[in-house]
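Hi everyone, thanks for coming.

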Amino acid sequence: MAAFAVQLRRMHGEVGRVIQQYAARQNLHVTDVQALAAILDAPEPMTPTGLRAVLGLTSGAVTACVDRLERAGQVRRVREDTDRRVVHLHYAAAARAAARTHFRPLADALTQSGADFDEHELTVVLRFLTALNDSLAEIPGPPAGR
């Protein structure tokens with residue numbers, strides 16, 4: 001398991017480096033890029049409350065983040081028709097295209113790395129990563145006020 005931990009830290013560092021480069025090129029905070037990923041990966045339209053839960057930020061920090069993203073043309077706030085109090089966050093098409101271009105090397109690396117594994121092996125790796133992420137999501141954050 002120690003070898004897994006080393007490789008996961010290494011992967012985290014490499015992905016983090018690419019995220020930091022994107023943030024710098026787009027004049028965003030790294031947290032803003034994490035917010036964009038959460039909006040992109042959400043199974044249903046993301047709300048500011050949902051984003052707060054995913055990122056573990058205060059309401060004020062999420063509002064500041066969404067404000068920055070909206071000013072930068074990265075997201076759009078859209079009020080729900082049936083309940084105008086509900087706001088959904090949508091990744092802007094032009095911003096999504098820029099992100100796709102920047103992160104293409106990550107997708108290519110994933111494809112290249114997976115080419116040497118058969119479908120069964122990839123299924124096992126995906127099952128492991130899913131179980132790991134589920135376990136990590138259960139780790140509580142620091143107590144409020146810290």
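When I say helix, I mean a DSSP run of H or I with at least four residues, numbered from the N terminus. One more thing before we start: this is a predicted model.

With that in hand, let's begin with Asp 32, which lies in helix H2. Is Asp 32 buried or exposed? Asp 32 has a relative accessible area of 0%, so it counts as buried, the cut-off being under 20%. And what does Asp 32 touch, leaving aside neighbours within four places in sequence? Its contacts are Cys 65, Arg 68 and Leu 69.

Now over to helix H1, residues 2-25. With 24 residues at 1.5 Å each, H1 should span 34 Å, and its end C-alpha atoms are 35 Å apart, so the two agree. Val 18, Tyr 22 and Ala 23 are buried in H1. The buried residues of H1 pack against helix H2 (30-41), strand E2 (87-91) and helix H5 (93-114). After H1 comes Asn 27, and its phi is positive, near 55°.

Last stop: helix H3, residues 48-55, and helix H4, residues 59-71. These two pack at an angle of about 110°, and their axes are 9 Å apart. The crossing of H3 past H4 is right-handed. Which residues meet there? From H3 we have Pro 48, Leu 51 and Arg 52, and from H4 Ser 59, Val 62 and Val 66. Sorted by type, the residues of this contact between H3 and H4 are 4 nonpolar, 1 polar and 1 charged.

Technical notes. Residues are numbered from 1 along each chain as its sequence is written. This is a predicted model: local features need pLDDT of at least 70, side-chain atom pairs count only at pLDDT 80 or more; totals for chains, interfaces and linings use all residues. Side-chain values use heavy atoms; hydrogens and water are left out. Axes are lines fitted to C-alpha atoms, for helices over the stretch in contact, and angles run from 0 to 180 degrees between N-to-C directions. A crossing is left-handed if the near helix is turned anticlockwise from the far one by less than a right angle, and right-handed if clockwise. Contact means heavy atoms within 4.5 Å. Ala, Val, Leu, Ile, Met, Phe, Trp, Tyr, Cys and Pro count as nonpolar, Asp, Glu, Lys and Arg as charged, and the others, Gly among them, as polar. The expected span of a helix is 1.5 Å times one less than its number of residues. Buried means under 20% relative accessible area, exposed over 50%, partly exposed in between (1.4 Å probe, protein chains only).
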